[in-house]
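This briefing concerns the structure shown below. It is arranged by topic for reading alongside the sequence and the coordinates.

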Amino acid sequence: MQLSIRTVILSRQMSNTTGVIANSIRNKLQIALQAKHMEVINESYMHNVPKGAETHFKVVVVSDKFDGLALIKRHRMVNDLLKEELQNGVHALSIVAKTPQQWETSDQVIESSPNCRGGFGK
Amino acid sequence: MNTILIRNVSPIYKNAFKLTSRLFADAAINDKIDKIVKNNKVVVFMKGVPDAPRCGFSNAVVQIMRMHAVSYDSHDVLADENLRQGIKEYSNWPTIPQVFINGEFVGGCDIMLQMHQSGELVEELKKVGIKSALLTADEAKKESSK
């Protein structure tokens, strides 16, 4: 799939997450959804957690498998695939789930999640 | 010999007791949640309270509801660990916040945000007899430009 230069730059800046959990998330989603485009962004640094923690993620998945599925079903698919991670330390998961067609026609800008308000771990 | 036996066996009893009492608690919280979501048109399970959300995602949902001027029933999961686990099981959804409209689980922050942006939220609210303030503002604008 052709990607705009902007997207490539954006994903380089944002998705060079290489932690153990980030890799596991990436692998599981890639295998199950055969993603045409994927970003796994570790947003843990925005929260009150130790440096290098893998607790808060945003995933961007572009897949044909989302075709004809309502948003909630797409999100449930991703949540189910990452059940293990979500039960073992991953505390927040923000999901952008688009079909290739939706991705192509979108502005492909991924906004970062809202700032933490201190509820984590309390 | 007897003491060793008792010592070894008693933790099993304790665990069995814990397990059953947890199962009962789960059933109770499930019923409680069921009543909450079925007795209120819009319900938000969140971290903190609408005036002081304690998580950015919960805050985003509060802001969306505010824009549409929707009154809703809110529940702070940080104040009740049983509810925090119970709601995740009830809706089979792993994260907080969670929004229910007319007893149906609608989604978390991402879905609410997209429904807000696409106009779908206005429609969903209309279905349950709630007129979004954004719709009212829209109509007023059209009326004045006539």
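The points below cover confidence, chain architecture, the interface and selected side-chain pairs.

The structure is a predicted model. Chain A has 122 residues, and chain B has 146 residues. The area buried between chain A and chain B is about 1800 Å², yet the count of salt bridges between chain A and chain B is zero. Over all chains, the count comes to eight salt bridges.

**Confidence in chain A**

- Chain A has a mean pLDDT of 85, and 82% of its residues reach 70 or more.
- Among the elements of chain A, helix α1 (residues 5–14) has the lowest mean pLDDT, at 46, while α3(A) has the highest, at 97.
- The pLDDT is below 50 over residues 1–15 of chain A.

**Architecture of chain A**

- Chain A contains five helices and three strands, and from the N terminus on these elements run α-α-β-β-α-α-β-α.
- Of the 122 residues in chain A, 46% are buried.
- Among the contacts in chain A with a separation of 6 or more, 70% are between residues 24 or more positions apart.

**Architecture of chain B**

- Chain B contains six helices and six strands; read along the sequence, the pattern is α-β-β-β-α-β-α-β-β-α-α-α.
- Of the 146 residues in chain B, 39% are buried.
- Residues 24 or more positions apart provide 60% of the contacts in chain B with a separation of 6 or more.
- In helix α4 of chain B, which spans residues 109–118, the buried residues are Cys109(B), Asp110(B), Ile111(B), Met112(B), Met115(B) and His116(B).
- Gly119(B) follows α4(B) and has a positive phi, near 90°.

**Interface between chain A and chain B**

- The size of an interface is often given as the accessible area lost when the parts come together.
- Carbon and sulfur atoms give 55% of the roughly stated total, about 1800 Å², buried between chain A and chain B.
- Across this interface, five residue pairs are in polar contact, with both residues at pLDDT 80 or more.
- On the side of chain A that touches chain B, α3 (71–81) and β3 (92–98) of chain A each supply at least two residues.
- The most is given by α3(A), with five residues.
- By type, the residues of this side of chain A divide into eight nonpolar, eight polar and three charged.
- In terms of contacts, 19 residues of chain A meet 20 residues of chain B.

- Glu85(A) lies in helix α4 of chain A, which spans residues 83–87.
- With a relative accessible area of 7%, Glu85(A) is buried, because it falls under the 20% limit.
- Leaving aside residues up to four places away in sequence, Glu85(A) touches Ile21(A), Ser24(A), Ile25(A), Lys28(A) and Val90(A).
- A network of salt bridges links Glu85(A) with Lys28(A) and Glu84(A).

**Salt bridges within chain B**

- Side chains of opposite charge can pair when their charged atoms come close.
- Lys38(B) and Asp34(B) form a salt bridge, with the closest N and O atoms 3.1 Å apart. These two residues are separated by about one helical turn, because they are four residues apart in helix α1 (residues 2–39) of chain B.
- Lys38(B) is exposed, with a relative accessible area of 56%, whereas Asp34(B) is partly exposed, at 25%.
- Glu124(B) and Lys127(B) form a salt bridge, with the closest N and O atoms 2.9 Å apart. Both residues lie in helix α5 (residues 120–127) of chain B, three residues apart, so about one helical turn separates them.
- Glu124(B) is partly exposed, with a relative accessible area of 24%, whereas Lys127(B) is exposed, at 63%.
- An α-helix has 3.6 residues a turn, so residues three or four places apart point the same way.
- Glu139(B) and Lys131(B) form a further salt bridge, with the closest N and O atoms 2.9 Å apart.
- Glu139(B) is partly exposed, with a relative accessible area of 39%, and Lys131(B) also counts as partly exposed, at 48% relative accessibility.

How values were computed. Residues numbered from 1 in each chain as written. Chains lettered and ligands numbered in written order. Heavy atoms only, no water. Buried < 20%, exposed > 50% of the residue type's maximum accessible area, 1.4 Å probe, protein only. Contact = heavy atoms within 4.5 Å. Buried area = accessible area lost by both parts, 1.4 Å probe. Salt bridge = Lys/Arg side-chain N within 4 Å of Asp/Glu carboxyl O. Polar contact = N/O pair within 3.5 Å; in protein donor to acceptor, adjacent residues only side chain to side chain. Nonpolar A, V, L, I, M, F, W, Y, C, P; charged D, E, K, R; others polar. pLDDT = per-residue confidence, 0-100.
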